[in-house]
Amino acid sequence: MNAPRTRVQRRPVHGVLLLDKPLELSSNDALQKVKWLLRAEKAGHTGTLDPLATGVLPLCFGAATKFSQLQLEAAKTYEAIARLGQTTTTADAEGEVLRERAVDLAALTAERLAAVQAQFTGAIRQVPPMYSALKKDGKALYEYARAGIEVERPAREVTIHALELSLTQDSEGLPAIRMLVTCSKGTYIRTLAEDVGEALGCGAHLRALRRIDTGGLGVERCISLEALAAMGEGERLQQLQPVDALLASHTAVTLGEQDAARFLTGLPRKGAWADAEAVAVYGENPQALLGVGRVVRGELIPGRLLSSLEIQQILEDTPRP
């Protein structure tokens with residue numbers, strides 16, 4: 001007989017863990033592994049990172065899950081390697097080779113790369129790849145693709161905030177292009193690599209992808225799954241960023257005790273605040289995050305709020321100076 005499995009005793013955990021996601025692990029599998037290591041009751045991630053990609057994956061626990069949508073909307077920065085001279089069925093290394101072309105490295109001058117950079121910087125239109133999770137008539141596009149069916153996909157506008165291209169070699173020593181991309185939500189780096197390859201006249205497909213920043217949360221602040229697993233329980237909890245790590249771009253507003261109590265019930269507050277679409281609201285006594293809101297004509301309007309129990313648990317777990 002198999003030994004009975006030990007039931008993990010869950011507990012309230014509040015905060016954000018910045019994981020350096022390893023290769024070939026899905027975002028959800030990464031989340032479940034970290035949730036188990038922290039024995040957390042409630043967890044969620046801030047948007048998926050492909051199994052073939054590595055890098056920044058913010059994982060939200062407890063009260064932080066209320067603000068995970070903010071990271072979905074945030075700009076992302078990726079470092080990508082695309083092999084030149086080959087296109088594939090999936091636009092990445094998993095697909096079968098569709099076409100091979102010679103790569104004239106002498107023609108790929110700094111001026112040529114700069115021209116292509118400019119062509120793909122700013123608002124651009126992308127046709128989503130067939131091998132993607134986008135849905136048509138209730139089915140994911142990759143389901144059609146696996147059945148050998150190609151369906152029409154309307155082009156979508158995305159924004160490339162910054163793009164740097166440079167020549168390099170891939171892991172097999174073949175000619176490649178290195179792309180450093182800061183882009184809006186919904187950008188397919190596979191498609192960008194393919195389009196850049198076409199603009200260079202030789203085609204390309206994605207060989208490696210690493211997310212190095214999302215919404216100001218950089219890879220240098222991340223911890224690997226292996227390192228986290230090797231830690232003791234207390235040390236693991238110390239790796240958590242506070243809930244408001246997700247709110248760095250918000251305007252901070254602090255309320256006195258009475259206003260804080262009313263704000264937590266969902267009541268707007270009046271004050272001499274400038275209009276702001278994104279506000280992080282704190283209580284003064286005790287000093288704690290209450291939630292988010294917006295200011296319109298001197299009125300602070302509540303948005304997502306922490307519960308009194310969540311605030312109490314966070315205060316109890318916060319080390320005192």
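Mentor: The largest pocket has a lining of 44 residues, and those nearest its centre are Thr48, Leu49, Asp50, Tyr188 and Arg190. Please keep in mind that we are looking at a predicted model. The space in this pocket comes to about 1500 Å³.

Let's go through the lining by class. There are 19 nonpolar residues, alongside 13 polar and twelve charged ones. Now, which elements supply them? At least two lining residues come from each of helix H1 (27-38), strand S3 (53-61), strand S4 (76-84), helix H4 (141-146), helix H5 (189-199) and strand S12 (204-214). Of these, S12 gives the most, with six residues.

Domain 1 and domain 2 each bring at least three residues to the lining of the largest pocket.

How do those two domains meet? In the contact between them, 17 residues of domain 1 touch ten residues of domain 2. About 1000 Å² of area is buried between domain 1 and domain 2, with carbon and sulfur atoms giving 40% of that area. One salt bridge is counted between the two domains.

For the protein, the count is eleven salt bridges. Among them is the pair of Glu233 and Arg11, whose closest N and O atoms are 3.1 Å apart. Glu233 sits in helix H7 (residues 233-238) and Arg11 in the segment before S1, so this pair ties together parts that lie 222 residues apart in sequence.

While you have the model open, have a look at the backbone in two loops. Most residues other than glycine have a negative phi, and most peptide bonds are trans. Glu24 is not a glycine, yet its phi is positive, at about 70°. You will find Glu24 in the loop that runs between strand S1 (15-21) and H1, and H1 is one of the helices that supply the pocket lining. The other spot is the peptide bond from Asn285 to Pro286, which is cis, with omega near 0°. Pro286 belongs to the loop between strand S17 (276-284) and strand S18 (287-296).

Terms used
Residues are numbered from 1 along each chain as its sequence is written. This is a predicted model: local features need pLDDT of at least 70, side-chain atom pairs count only at pLDDT 80 or more; totals for chains, interfaces and linings use all residues. Side-chain values use heavy atoms; hydrogens and water are left out. On a 1 Å grid over the protein atoms alone, a cavity is a set of points where a 1.4 Å probe fits but cannot get out, and a pocket is an open set with protein on both sides within 12 Å along at least five of seven lines; lining residues have an atom within 4 Å of a point. Grid points are joined across faces, edges and corners, and a volume is the space filled by probe spheres set on the points. Helices (H or I, at least four residues) and strands (E, at least two) are DSSP runs, numbered from the N terminus. Ala, Val, Leu, Ile, Met, Phe, Trp, Tyr, Cys and Pro count as nonpolar, Asp, Glu, Lys and Arg as charged, and the others, Gly among them, as polar. Domain bounds come from an automatic or database domain assignment. Contact means heavy atoms within 4.5 Å. Buried area is the accessible area (1.4 Å probe) that two parts lose on being put together, summed over both. A salt bridge is a side-chain nitrogen of Lys or Arg within 4 Å of a carboxyl oxygen of Asp or Glu.
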